[in-house]
Every structure is written in C-alpha cells, then in structure tokens.
Amino acid sequence: MRSEVVRNGYGLREVEVVPALGQRSNACTGAEKTVPERAGGAGLLVPVVVLAFGLLGAVALGIFLLFRGRNGAPCPGPHFTSIEENELISKNSERHSKIIDVSRIRTFSFLVRNAGPNPVVVQPELSPDGINWSSFGELAYLLNPGEKHLFAPQLFLRYSRIKYRNKIPGRDTVLTVWFQGQG
C-alpha cells in the first residue's frame, strides 16, 4: 500500500513485519512498519519521512506513532489484573492456588492471608509449561492465624501459583489468595 505523499520521486510503502516465533504483533508493538521506496521500484535507505515532511514533521510523526500506534489506533495503557481466591482449605498434602499465565504481565505479586485457626506453610511456584513446577529459591513462609504475607517473585517463567499445606498434620485452615499484576 503506497502513501499519498510522493516527492522527488520517492514515496512510502507499508510493509508487514513478521513477528519472530512465539511473538505477537499488534498496532502498538509494530504490526506495520513504514519503509522508504523509490517511486516505481526498489527500496532505498533514505529517510523519506524527513525529506517529505521536514524535521518537525518527522518528530510529529514519531510522537503520533508512539501514542497512537503504527496504524493510527490508540494504544491501550497498562492493564491491571486482579484475581481473588477465597476459602482455600489447606490439607496435609500440598495444594495449589489457580495457575496464572503471567507472560503479558510486567510486574505481579501474591498476597496470602491465613483466615483460619491453624498455621499453614505457603510458597510461590513458577513453571515454564504449567506442568513442571519449582520454587526456584523462593522461600516457604509460615503463616500463623490472622497473618498475611506478600510474595513478589523475582524470577520469570510463564506460569505462577501459590503452594500451601498444613504446618501441623490434621489441622486444616482457610486461606485467601490475591493475585495482582500490571502489564
């Protein structure tokens, strides 16, 4: 698709950028990219935007693309995710909160509250595939009745969850787990 601006035999052509394997592209991350093309033929590596619009026009175009995306659509701001799980019952064996895909979340944390009468051991876990889980150095934490603890994992893998179990065998308790993230 050619732009309407053609000056000194040069024009602009819209080309689609093919994302690398596993990447997703959209209007704000570069689904389209403008490259110079000589009118009627081969591409040139000349900054046509500067030639066609002047320096101030190029700066204005850059600001427009930054805030509106490459196709003129508004870019959404950071999104906020909040998930709350109530009345999770601990047992003697390990149990887990919901599995959360954190691949599109820049920063996240878990807040765990022991709302029951007995102590519980809690620990964050990460996984690359939702099958193989590990704490990767994140320490287990003892939550006594009425206590809360904030976990902010420092390492990244695609999936995250909270693991929990009774501290005293046979003494179940009730947990609330909040997940909050911003992407």
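Me: Hi! What counts as a salt bridge here?
Reply: A salt bridge is a side-chain nitrogen of Lys or Arg within 4 Å of a carboxyl oxygen of Asp or Glu. Side chains of opposite charge can pair when their charged atoms come close.

Me: And how many salt bridges does the structure hold?
Reply: There are five salt bridges in it. This is a predicted model, where local features need pLDDT of at least 70 and side-chain atom pairs count only at pLDDT 80 or more, while totals for chains, interfaces and linings use all residues. Residues are numbered from 1 along each chain as its sequence is written, and side-chain values use heavy atoms, with hydrogens and water left out.

Me: Which residues are in the salt-bridge network?
Reply: E94, E125, R161 and K163 are linked that way. E125 and K163 have their closest N and O atoms 3.6 Å apart.

Me: Is E125 buried or exposed?
Reply: E125 counts as buried, at 6% relative accessibility. Buried means under 20% relative accessible area, exposed over 50%, and partly exposed in between (1.4 Å probe, protein chains only).

Me: New topic: how many helices and strands are there?
Reply: The protein has one helix and 12 strands. Those are DSSP runs numbered from the N terminus: helices are H or I with at least four residues, strands E with at least two.
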